[in-house]
Amino acid sequence: MGIKLYYTTVTASRTVKSQQAEVIRILESKSIQYELIDISVGGELRDEMRSKVGDPTAVPPQLFNEHQYCGNYEMFSEAVEADTVEQFLKLA
């Protein structure tokens, strides 16, 4: 599977919860297949996400196409506004 969404099921942050829900809703509305990777199941997944992003403080949601970093929520949101989600996700 190409698109990977790093997210968490355990967070006290309403912002993170709403951002994750919005990304999932948009991906599903566009019929884009994706894989969810829950970083709350182990610190090694969180560390892997942060390492791939290149930011030791990165928080979910983070999007990848296979191993290629696409961006975070803000970047995804900008792509939605510009109607360039497929390009953002490196699908086009």
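User: Hi! How many aromatic pairs does the structure hold?

Analyst: Hello! The predicted model has three aromatic pairs. One of them joins Phe-64 and Tyr-69, with ring centres 5.1 Å apart. Their planes meet at 55°, so this pair counts as tilted.

User: Thanks. Is Phe-64 buried or exposed?

Analyst: Phe-64 is buried, at a relative accessible area of 0%.

User: Nice. Which residue has its charged end over the ring of Phe-64?

Analyst: That would be Lys-52, whose charged end is 5.4 Å from the centre of the Phe-64 ring.

User: Let's switch to Phe-76 and Phe-88. What kind of aromatic pair do they form?

Analyst: Phe-76 and Phe-88 are arranged edge-to-face. The distance is 5.9 Å centre to centre, and the angle between the planes is 65°.

User: Where do Phe-76 and Phe-88 lie?

Analyst: Phe-76 is in helix 3, which covers residues 73–81, while Phe-88 belongs to helix 4, residues 85–88. The pair therefore ties together parts that are 12 residues apart in sequence.

User: Last one: are Phe-76 and Phe-88 buried or exposed?

Analyst: Phe-76 counts as buried, with 1% relative accessibility. Phe-88 is buried too, at a relative accessible area of 11%, because the cut-off for buried is under 20%.

Technical notes. Residues numbered from 1 in each chain as written. Predicted model: local features only at pLDDT ≥ 70, side-chain atom pairs only at ≥ 80, totals over all residues. Heavy atoms only, no water. Phe/Tyr/Trp six-rings, centres within 6.5 Å; stacked < 30°, edge-to-face > 60°. Buried < 20%, exposed > 50% of the residue type's maximum accessible area, 1.4 Å probe, protein only. Helix = DSSP H or I, 4+ residues; strand = E, 2+ residues; numbered from the N terminus. Lys NZ or Arg CZ within 6 Å of the ring centre and 35° of its normal.
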